[in-house]
Amino acid sequence: MEKIDELPSPSETLQRSRFRRARSLHGPSPTTTFGPKACIQKNPASIMHVQDPLSQRLTWNKPPLSVLIIKKIHECSVVQPFMDLVTWLVQEKRMVVYVEVSTLEDEMIADDSGFQPIKQKLNTFKEGTEDLSGRVDFIICLGGDGTLLWASSLFQGSVPPVMAFHMGSLGFLTPFEFDNFKSQVNHVLEGHAALTLRSRLKCVITDAECDSHINSIEKPKKIQVLNEVVIDRGPSPYLCHLDLYLEGRHVTSVQGDGLIVSTPTGSTAYAVAAGASMVHPNVPAIMVTPICPHSLSFRPIVVPAGVEIKVMVSPESRGSAWVSLDGRNRQEIKVGDSVRITTSEFPIPSICKLDQISDWFDSLAECLHWNVRRPQRAFNNNDGANGRVKDDSDCSIEA
């Protein structure tokens with residue numbers, strides 16, 4: 001007779017359900033109810049489904065054919081890996097490779113006679129003169145965190161998947177090592193990698209008088225920021241006086257050296273140095289952190305992603321302020337000028353080495369030495385529980 005598996009008891013079923021990990025997390029939807037009578041008001045425009053981060057994996061609708069290589073500038077140690085990678089992609093993978101004009105102007109690359117045949121097959125571009133949207137399937141960064149920030153600035157709309165190799169100083173956002181780059185790139189091109197969707201901020205700088213974008217070097221008007229927007233007092237000897245608005249409501253006034261509005265990715269950059277918490281990049285949030293506030297009670301706050309934040313130079317301010325976006329495009333904003341910030345609809349699909357959790361905590365440990373300390377020594381015997389050593393003649397007490 002065929003053996004029939006016994007059904008689990010109700011207690012076993014309850015025990016399993018307590019430890020079973022949900023594969024997806026759902027936010028408010030038309031089917032969400034609270035008890036027999038209450039539910040979320042049905043509004044299709046506000047429906048949101050929060051995906052389980054571990055289910056976010058890269059897949060290709062079509063095989064990738066073109067790749068953009070971003071190389072750290074003024075760094076001799078990156079030159080040979082750059083040429084090795086480009087040569088392999090062109091000769092063996094038969095891919096269309098894009099590089100910056102300034103990269104090929106590097107003396108070590110320009111003077112390398114063996115690289116000249118490969119150099120002639122490369123596609124070049126200059127920042128601000130050409131739009132790479134729709135032309136690049138894949139991005140590879142060789143350098144530090146700055147290379148990823150630079151790649152983000154080149155795409156003000158949809159961003160291709162980014163694979164970042166650690167060849168810089170800190171490397172918090174660059175998990176890959178270059179030693180076995182061929183197998184790692186092949187793994188990604190086959191579509192087996194995990195993704196971290198790093199949210200960006202959409203920023204607009206407006207003038208007090210004409211309420212239009214300030215004429216300056218940055219384009220387009222809506223600027224995408226991966227790390228943070230910093231508004232500070234610049235060279236002024238006076239306190240920075242800023243008015244902070246959330247969804248059009250005046251929340252508080254900032255008096256101090258300035259304010260940092262950052263993404264979760266940027267929470268481990270300038271924001272953490274100013275006292276903010278470190279937030280995992282998969283958390284949908286925006287961090288607001290004061291810089292040296294002239295108040296003992298002004299603590300950093302975290303607000304929901306998607307809210308509109310407005311930072312305006314207060315009419316009562318003694319001077320102007322300065323704004324910078326990911327450390328670039330620094331410009332002066334005067335009394336009445338403002339910066340409008342919200343979550344961008346175009347995140348950075350950053351490719352993970354292992355997964356979203358392991359990569360982040362590895363970076364905290366290796367780059368920031370998070371929670372690094374000497375471990376407390378364990379007791380050597382049972383008497384240690386009372387704080388005593390085994391030998392009665394030894395009067396020392398071990399902590």
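Me: How much space lies in the second largest cavity, and what makes it a cavity?

Reply: About 30 Å³ of space lies there. It is called a cavity because a 1.4 Å probe fits at its points but cannot get out, on a 1 Å grid over the protein atoms alone. The volume is the space filled by probe spheres set on the points, with grid points joined across faces, edges and corners. Keep in mind that this is a predicted model, where local features need pLDDT of at least 70 and side-chain atom pairs count only at pLDDT 80 or more, while totals for chains, interfaces and linings use all residues. Residues are numbered from 1 along each chain as its sequence is written, and side-chain values use heavy atoms, leaving out hydrogens and water.

Me: Which residues line the second largest cavity, and how do they divide by class?

Reply: Its lining (residues with an atom within 4 Å of a point) is made of Arg233, Ser236, Tyr238, Leu239, Cys240, His241, Ser317, Gly319, Ser320 and Ala321. By class there are four nonpolar, five polar and one charged residues. Ala, Val, Leu, Ile, Met, Phe, Trp, Tyr, Cys and Pro count as nonpolar, Asp, Glu, Lys and Arg as charged, and the others, Gly among them, as polar.

Me: Why is His241 called buried?

Reply: Buried means under 20% relative accessible area, with over 50% exposed and partly exposed in between (1.4 Å probe, protein chains only). His241 has a relative accessible area of 13%, so it is buried. The residue lies in strand β14, and a strand is a DSSP run of E with at least two residues, numbered from the N terminus. Not counting residues up to four places away in sequence, His241 touches Ser253, Val254, Gln255, Met312, Val313, Ser314, Glu316 and Ser317, where contact means heavy atoms within 4.5 Å.

Me: How do you know that β14 and β19 pair, and in which sense?

Reply: Two strands pair if DSSP finds at least two bridges between them. Strand β14 (residues 240-246) and strand β19 (residues 309-313) have five bridges, in the antiparallel sense. Leu246 stands opposite Ile309 in β19. Both strands belong to an open sheet of six strands with antiparallel pairing, in the order β12-β11-β22-β19-β14-β15.

Me: What makes β12 and β15 the edge strands of this sheet?

Reply: β12 (223-225) and β15 (249-256) each pair on one side only. Axes here are lines fitted to C-alpha atoms, and angles run from 0 to 180 degrees between N-to-C directions.

Me: Why does Ile341 count as buried?

Reply: Its relative accessibility is 0%, so Ile341 counts as buried. Ile341 lies in strand β22 (residues 338-343). Leaving aside neighbours within four places in sequence, Ile341 is in contact with Leu201, Lys202, Cys203, Val229, Val261, Val307, Glu308 and Ile309. Ile341 and Leu201 are 140 residues apart in sequence and 6.4 Å apart in space, C-alpha to C-alpha.

Me: Which strands form the sheet that contains β20 and β21?

Reply: The order of that open sheet is β18-β17-β16-β13-β20-β21, six strands with antiparallel pairing. Its edge strands are β18 (301-304) and β21 (328-333), each of which pairs on one side only. Its neighbouring strands are turned by 20 degrees against each other on average, direction ignored.

Me: How many bridges join β20 and β21?

Reply: β20 (residues 321-325) and β21 pair over four bridges, in the antiparallel sense. Trp322 stands opposite Glu332 in β21.

Me: How many cavities of 30 Å³ or more does the structure hold, and what lines the largest cavity?

Reply: The structure holds two. The largest cavity has a volume of about 120 Å³. Its lining has 13 residues, of which Phe172, Thr196, Arg198, Asp359 and Trp360 lie nearest its centre. They divide into seven nonpolar, four polar and two charged. β10 (195-198), β23 (348-351) and α9 (356-367) each supply at least two residues, and α9 gives the most, with four residues. A helix is a DSSP run of H or I with at least four residues.

Me: Which residues of β23 point one way, and which the other?

Reply: Ile348 and Ser350 point one way, Pro349 and Ile351 the other, and all are buried. β23 pairs with β10 in the antiparallel sense over four bridges, with Leu197 opposite Pro349.

Me: What makes Ser152 buried?

Reply: Its relative accessible area is 1%, so Ser152 is buried. Ser152 is found in helix α6 (residues 145-154). Not counting residues up to four places away in sequence, Ser152 touches Arg200, Leu226 and Ile348.

Methods
1 Å grid on protein atoms, 1.4 Å probe; cavity = no way out; pocket = protein on both sides within 12 Å on 5 of 7 lines; lining within 4 Å.
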